[in-house]
Amino acid sequence: MENVLYLKMRHRIQVKPDEAVNIGQLAMVIAGDSVQKQIEKLVVYQVSMSDRNIIIVDLMKVIEKVASRYPHLDIQTIGPAQTIVEVMYKKKQYSFLFFLAVWFLLFIGAALAIMNFHEDVSMRQVHQKLFYMLTGLRDKQPLLIQVPYSIGLGLGMILFFNHVFRKRINEEPSPLEVEMFNYQQDLDQYVIMHENKESMKKIDDH
């Protein structure tokens with residue numbers, strides 16, 4: 001065990017600008033007690049202001065760093081071959097007026113989408129026919145059907161998205177969260193393939 005090092009690269013980490021990224025941040029390390037702490041402190045990459053917000057650190061860089069310092073170790077790797085390093089630059093603070101403007105636009109857009117859908121499927125006529133079937137009366141504004149339907153529509157959206165404002169109803173992820181997770185996975189794969197300079201080798205023209 002003293003001469004074996006196990007490395008498992010983390011999928012994604014967050015660092016500050018100008019931070020020195022060490023192996024302990026990039027990977028989970030298992031080694032002998034005498035060397036594990038020293039290996040975790042080895043700096044692999046120095047973030048600079050010229051870096052963009054995404055950096056890809058390849059496993060080979062980590063192995064090279066460890067092997068140069070501890071050549072006697074038998075390095076065993078597990079898991080992904082890259083770590084996505086996200087540089088957390090200070091975010092711009094938006095005014096409350098800007099937040100209200102965006103919220104208002106989204107609210108109007110969502111309301112118009114719902115109204116246009118109901119108009120396309122002739123929901124008013126459906127409610128009128130349903131009211132006539134239940135009561136035998138004809139009413140151009142069957143509120144007995146429309147009011148519960150409107151309340152149910154709102155409650156259904158809350159249950160579908162599994163959130164009441166910031167509070168989660170249960171631990172099960174909502175369909176929107178699943179779609180966002182799949183999108184993030186695809187985005188990470190794209191970044192790994194296109195930002196990882198170690199995985200691309202150009203042939204020089206002679």
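This is a predicted model: local features need pLDDT of at least 70, side-chain atom pairs count only at pLDDT 80 or more; totals for chains, interfaces and linings use all residues.
1. Domains. The domain assignment divides the protein into domain 1, residues 2–85, and domain 2, residues 94–160. Taken over C-alpha atoms, the centres of domain 1 and domain 2 are separated by 54 Å, a value that should be read together with the bounds of the assignment, 2–85 and 94–160.

2. Annotated span. The UniProt record, an unreviewed entry, carries the annotation "domain: Stage V sporulation protein AA" for residues 3–91. In the model, the end C-alpha atoms of residues 3–91 lie 44 Å apart, and the span is 22% helix and 42% strand.

3. The sheet with β1. Three strands in the order β4-β1-β7 make up an open sheet whose pairing is mixed. Its edge strands, each pairing on one side only, are β4 (27–30) and β7 (74–78), and from one strand to the next the twist averages 20°. Within this sheet, strand β1, residues 4–9, is joined to β4 in the antiparallel sense over four bridges, and M9 stands opposite A27 of β4.

4. The helix on that sheet. Helix α3, residues 59–69, packs on the sheet and touches both β1 and β7. The direction of α3 makes about 160° with that of β7.

5. The sheet with β8. A further open sheet of three strands has the order β2-β8-β6, again with mixed pairing. Here β2 (12–15) and β6 (54–58) are the edge strands, each of which pairs on one side only, while the twist from one strand to the next averages 30°. Strand β8, residues 82–87, runs parallel to β2, and four bridges join the two; I13 has V85 in β8 as its bridge partner.

6. Geometry of the helix pair. Two packed helices are described by the angle between their axes and the distance between the axes. For helix α5 (residues 123–135) and helix α6 (residues 143–161), the axes come within 9 Å and cross at roughly 120°.

7. Residues of the helix contact. On the α5 side the contact is made by M123, H127, L130, F131 and L134, and on the α6 side by L144, I145, Q146 and Y149. Sorted by class, the contact of α5 with α6 has seven nonpolar residues, two polar residues and no charged residues.

8. A point to check in the viewer. Which residue of β8 is the bridge partner of I13? That partner is V85, and the pair belongs to the parallel pairing of β2 with β8, whereas M9 and A27 can be followed in the antiparallel pairing of β1 with β4.

Terms used
Residues are numbered from 1 along each chain as its sequence is written. Side-chain values use heavy atoms; hydrogens and water are left out. Domain bounds come from an automatic or database domain assignment. Two strands pair if DSSP finds at least two bridges between them. Axes are lines fitted to C-alpha atoms, for helices over the stretch in contact, and angles run from 0 to 180 degrees between N-to-C directions. Contact means heavy atoms within 4.5 Å. UniProt positions are given in the numbering used here, feature names are shortened, and annotations may be inferred rather than shown by experiment. Ala, Val, Leu, Ile, Met, Phe, Trp, Tyr, Cys and Pro count as nonpolar, Asp, Glu, Lys and Arg as charged, and the others, Gly among them, as polar.
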